[in-house]
Amino acid sequence: MLNIIICGAPGCGKGTQSDLIVEKYTLKHLSTGDLLREEIAKKSDLGVEAESYISKGNLVPDTMIFSILSKAIEEQTKNSKGIILDGFPRNVAQAEALETLMAKLNKETTILLDLQVDNQELITRLLKRGETSGRCDDNLETIKKRLEVYESKTAPVSDYYRNKNKYAAINGMGTIDEIFGRISSVIDSKR
Ligand code: AP5
Ligand code: MG
């Protein structure tokens, strides 16, 4: 079983590479950002509250994330070849909660893939996507805040998995295919 975390700054290519990984390795894709945006589109209570954090570039509260994700992880790890977690865990508390849940389910995180991309390239990608995405967080002010939050809250998650020997840095610069080639080599070495 492959239970992969794909991590990295906003715009590093987590969603893009997850789609390719899912196809090649037949994994279930769980993106907390996509789940939250579905709630926003539905205008559910959770969506309305989440949007107030997302539009400012802040993380939504951990409790909200667990309420939409715990059940999904349990369901998707049953009778599957594994999962890819995109955008979660986003801070050390979420990483600890994930590992507690995985232990309870008798599953194991295989590896955290850390996509590394220069800040200027991240901003260029996100501003370009913002022209058509309709995402409330794809504007320069919010992008800058997301990058700050990533450095202070999310980057420490890498150390958490490095200490468990479950960490791989991936050069996230270049073409989508080049980056996918680098990711595939790491995943293949874990199968
Ligand atoms: P989330 O949806 O996770 O957004 P993010 O981390 O900011 O990342 P993005 O989805 O913007 O980028 P990506 O890395 O997926 O890159 P993509 O492939 O799209 O989270 C959004 C918000 O939700 C958070 O800020 C937070 O508020 C909340 N949230 C989510 N999870 C949470 C959690 N666990 N806890 C608390 N809050 C949470 O690529 C970006 C663009 O670049 C695309 O247009 C793509 O086509 C293009 N691109 C991709 N690869 C390349 C390449 N190699 N060359 C050129 N362009 C490329
Ligand atoms: Mg994404």
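How far is an oxygen atom of ligand 1 from a polar backbone atom of C12? The distance is 3.3 Å.

The model is predicted, so local features need pLDDT of at least 70 and side-chain atom pairs count only at pLDDT 80 or more, while totals for chains, interfaces and linings use all residues. Residues are numbered from 1 along each chain as its sequence is written, chains are lettered from A and ligands numbered from 1 in the order in which they are written, and side-chain values use heavy atoms, with hydrogens and water left out.

**View 1. Polar contacts of ligand 1 (pairs of N or O atoms within 3.5 Å).** A polar side-chain atom of K14 is placed 2.8 Å from an oxygen atom of ligand 1. For T32, a polar side-chain atom lies 2.7 Å from a nitrogen atom of the ligand. Of the 1000 Å² of accessible area that ligand 1 has on its own, the protein covers 86% (Shrake-Rupley method, 1.4 Å probe).

**View 2. The shell around ligand 1 (residues with a heavy atom within 4 Å of the ligand).** The shell has 31 residues, the closest being T16, T32, N58, R129 and R146. By class, 12 are nonpolar, 11 polar and eight charged; Gly counts as polar, whereas Tyr, Cys and Pro are among those counted as nonpolar. The largest share, four residues, comes from α2.

**View 3. The largest pocket, whose space ligand 1 takes.** A pocket is an open set of points on a 1 Å grid over the protein atoms alone where a 1.4 Å probe fits, with protein on both sides within 12 Å along at least five of seven lines; lining residues have an atom within 4 Å of a point. A molecule sits in a pocket if more than half of its atoms lie within 2 Å of its grid points. The volume of the largest pocket is about 1000 Å³. Its lining comprises 45 residues, with P10, G11, K14, R135 and R146 nearest the centre. Elements supplying at least two lining residues each include β1 (2-8), β2 (28-31) and α7 (140-162). The lining divides into 17 nonpolar, 16 polar and 12 charged residues.

**View 4. The second largest pocket, with about 160 Å³ of space.** Residues lining this pocket include A9, D114, Q116, N119, Y150 and E151. At least two lining residues each come from β4 (111-116), α6 and α7, and α7 gives the most, with four. Seven lining residues are nonpolar, two polar and two charged.

Methods: A polar contact is a pair of N or O atoms within 3.5 Å; within protein, one must be able to donate a hydrogen and the other to accept it, and residues adjacent in sequence count only if both atoms are side-chain atoms. Grid points are joined across faces, edges and corners, and a volume is the space filled by probe spheres set on the points.
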